[in-house]
Amino acid sequence: MKLYKIAKGSLLVVHDAAYIIDDDWDKLINRDNLAGYLQQIPIDAIPLSDEVYAEFMSGPVLPPIGSQEVWAAGVTYLKSRDARMEESEGSGAASLYDKVYDAERPELFFKSTAHRVSGHGREVYIRKDSAWNVPEPELTLYINSRGDIQGYTIGNDMSSRSIEGENALYLPQAKIYEKSAALGPCLFVSAVPIDAASAIKLVIKRDNEVVYEDATTVSRIKRTFTELVGFLYAELSFPTGCFLMTGTCLVPPPTFTLQVGDVVEMTIDHIGTMVNTIAFNPKHQ
Ligand code: DO4
Ligand code: MG
């Protein structure tokens, strides 16, 4: 089942039939059994006609977030560890990444408040003071206030590799700035955990030409999702739940940096495709 947040409410899509739900987004998703709740809706509700469904979907899809915080896990895939060891060679921080990859405690960091989050079809920003920038496609968990995973979405953990590579203590500046996070296009809700064989694909286009493309599967992650959630919830409470990006598994080569106007497409099986355009924060123009 796919749950979209749209301007007029929430749209549930089950086997090609679509239903409007009026509930407040936070109340709707923060449930003990979101899949069970959504499965009941088609029993009583009348599906939207194809015309009304098309009209709803022709408007912008909002990021599937209400008041939640967005957190992120790092160095959960070998690819991320190796790329970060390489970029931080000059700063002497390379061994940090090696150690955290093997440590019992994962790297978890605060990524975004809800108001800074972008969505499908919208811009994400690169920093004006950063020379080397990449998108990070990450399977993102929605976890309810009790600490149970209820859904999945696509997360874009926009990152400055030059700032993080200069000094690991600059991580918050490399990772947290206006529109450095995007979520979308929907929340995929299932009664069973998402298939580990699900593919994650990243395509970057410049002037309509593909300049980077790669894919892998979620199964290559070093840690389990429940392990990441356990550490995140150990000493924090999240009254309306929270989103957790689970780390990147795809990193463009060191010669690649994003440019304004690039189009970034991230696809994860079962969830869909999120498209973002790269821009500078307009306050610099
Ligand atoms: O260690 C820095 C951040 C790592 C990260 O964002 C990732 O692995 O996805
Ligand atoms: Mg990341």
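Is Asp16 buried or exposed? At 72% relative accessibility, Asp16 counts as exposed (buried means under 20% relative accessible area, exposed over 50% and partly exposed in between, with a 1.4 Å probe and protein chains only). This is a predicted model, in which local features need pLDDT of at least 70, side-chain atom pairs count only at pLDDT 80 or more, and totals for chains, interfaces and linings use all residues. Residues are numbered from 1 along each chain as its sequence is written, chains are lettered from A and ligands numbered from 1 in the order in which they are written, and side-chain values use heavy atoms, with hydrogens and water left out.

Back to Asp16: it sits in the loop between β2 (9–14) and β3 (17–21) (strands, E, at least two residues, and helices, H or I, at least four, are DSSP runs numbered from the N terminus). Asp16 is not a glycine, yet its phi is positive, about 70 degrees. Asn208 also has a positive phi of about 70 degrees without being a glycine, and its place is the loop between β14 (199–206) and β15 (209–217). With a relative accessible area of 75%, Asn208 is exposed. Then there is a cis peptide bond between Gly184 and Pro185, with omega at about -5 degrees; Pro185 belongs to strand β13 (residues 181–188). Most residues other than glycine have a negative phi, and most peptide bonds are trans.

Now for the metal. Glu136 (OE), Glu138 (OE) and Asp157 (OD) coordinate the magnesium ion (ligand 2) at 2.0 to 2.1 Å. Donors here are N, O and S atoms within 2.8 Å of the metal (3.2 Å for Na, K and Ca), and water is not among the atoms, so sites may look incomplete. Along the chain, the donors follow the spacing E-x1-E-x18-D. Glu136 and Glu138 are both buried.

Glu136 turns up again at ligand 1: one of its polar side-chain atoms lies 3.0 Å from an oxygen atom of that ligand. The protein covers 99% of the 280 Å² of accessible area that ligand 1 has on its own (areas come from the Shrake-Rupley method with a 1.4 Å probe; for residues, only the protein chains shown count as cover). The elements giving two or more residues to the shell around ligand 1 are β5 (69–74), α4 (78–87), β6 (107–112) and α7 (171–175). An oxygen atom of ligand 1 is 2.6 Å from an N or O atom in the side chain of Ser80, and for the side chain of Glu107 the corresponding distance is 2.7 Å.

Notes: A polar contact is a pair of N or O atoms within 3.5 Å; within protein, one must be able to donate a hydrogen and the other to accept it, and residues adjacent in sequence count only if both atoms are side-chain atoms.
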